[in-house]
Amino acid sequence: MSRPFNFSAGPATLPFEVLEQAAAEMLDWRGSGVSVMEMSHRSREFVSICEEAEQDLRDLLAVPASFKILFMQGGALAQNAVVPMNLIGRSRSQTADFVLSGSWSVKSHAEASRYGNAHIAASSVGERPSRLADPYQWRLSQEASYVHICSNETIDGVEFQQLPDLLALGCDAPLVIDCSSHIASRAVDWSRVGVAYAGAQKNIGPAGLTLVFVREDLLDHALPICPSVFNYRTVADHGSMYNTPPTYAIYIAGLVFRWLKHQTESQSSGIAAIEARNIAKASLLYDYIDASGFYRNDVDKTCRSRMNVPFFMADSSLDDQFLKEAHRAGLQQLKGHKSVGGLRASLYNAMPLTGVKALIEHMRDFEARHG
Ligand code: PMP
């Protein structure tokens, strides 16, 4: 069965094998007689699905035992409120520091300011080429409750290639990362992280599931206004089943984790093997764009995203034709985000190298006719 290559930023393409397995198990999950969607979240079957998914994710990303993994709802945008409600009370001044690097970190800062003092420690928003502020130039608060970054800006295509080492910067506040659009695409240095959160609908599975990794010492600081379903301690103590979790989304995420583990089985390096593949895919596209003269990417080479590649043609009136022809060639969802225009290719784990090659072929062909 031939399917188009889907470059959507999210909800995004899923591994074909995962969709196939989900289809085969749709009506009767492994002899249980029911679909996963119809199971009680407290049933033995579903609890095993959930536990296996969590363990596979823990193995894959080498998440230390000192972190709880929470399966929550509300998406990454809910976390923009949930994080301050859980953490901003850590310091007497109720201050959190924000590093602004694009649209999503700007949103996180705005939402947090409803719950405490949201201080801008650095901003590179609007600079061309897009880049990240040097951590040594960040103006961190004396007693911050936490420091927030968006480790991959999905719209702007800007990615931290290394997480900042706050301790080396003289700051002992926990680092909070919105890693929605590059989770499971690369290794994570957990020694530098306090909380990581991600909506699932890019690299993990269906929309509706939000992954939250919380260091255990950060579970007990929620403000009294924090709803119980969003209180990290409550969710952790109930194994993510304080209320009904998004069961089907967890099941699909579990299949994706299995698929990722299977991809790396022959290599002992696990996530490093996935990361190497992502580097190869992104390099191929960036190298082509840089060499072309017809297309351009506006992000400084030190912080180009491996997952989301925004690109532009000098004559933006050609965008629609590019998209129409791409669609005919089986290349879908390449339109840039409406706030920046142009084009964007998202190259999540499930996008094969052949998809990137097909995109470059289309770009080359389009340039030959319009360049
Ligand atoms: N943060 C980032 C980095 C994102 O890419 C997105 C979604 N595109 C969001 C936050 C918002 O996520 P959600 O729609 O799951 O709330």
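At what angle do the axes of helix 7 and helix 9 cross, and within what distance do they come? The close-ups of this predicted model start with that pair.

**View 1. Helix 7 and helix 9 side by side.** Helix 7 spans residues 271-292, and helix 9 spans residues 353-370. Their axes cross at roughly 10° and come within 9 Å. An angle under 35 degrees counts as roughly parallel, so helix 7 is roughly parallel to helix 9.

**View 2. Residues where helix 7 meets helix 9.** Helix 7 brings Ala280, Lys281, Leu284, Leu285, Tyr288 and Ser292. Helix 9 brings Leu353, Val356, Ile360, Met363 and Glu367. By class, this contact has eight nonpolar, one polar and two charged residues.

**View 3. The two domains of the chain.** The domain assignment gives domain 1 as 17-263 and domain 2 as 268-370. Over C-alpha atoms, the centres of domain 1 and domain 2 are 26 Å apart. Domain 1 puts 26 residues into the contact, and domain 2 puts in 23.

**View 4. The side of domain 1 that touches domain 2.** Helix 2 (44-61), strand 7 (158-159) and helix 6 (247-263) each supply at least two residues here. This side of domain 1 has ten nonpolar, eleven polar and five charged residues.

**View 5. The shell around the ligand.** Gly10, Gly75, Ala76, Leu77, Trp104, Cys150, Thr154, Asp178, Ser180, Ser181 and Gly199 surround the ligand. Helix 3 (residues 75-87) gives the largest share of this shell, three residues. By class, the shell has four nonpolar residues, six polar and one charged.

Methods: Residues are numbered from 1 along each chain as its sequence is written. This is a predicted model: local features need pLDDT of at least 70, side-chain atom pairs count only at pLDDT 80 or more; totals for chains, interfaces and linings use all residues. A residue is near a molecule or strand if its C-beta atom, placed from the backbone, lies within 6 Å of it. Helices (H or I, at least four residues) and strands (E, at least two) are DSSP runs, numbered from the N terminus. Ala, Val, Leu, Ile, Met, Phe, Trp, Tyr, Cys and Pro count as nonpolar, Asp, Glu, Lys and Arg as charged, and the others, Gly among them, as polar. Domain bounds come from an automatic or database domain assignment. Two residues are in contact if their C-beta atoms, placed from the backbone, lie within 7 Å. Axes are lines fitted to C-alpha atoms, for helices over the stretch in contact, and angles run from 0 to 180 degrees between N-to-C directions. Angles under 35 degrees count as roughly parallel, over 145 as roughly antiparallel, 65 to 115 as roughly perpendicular and the rest as oblique.
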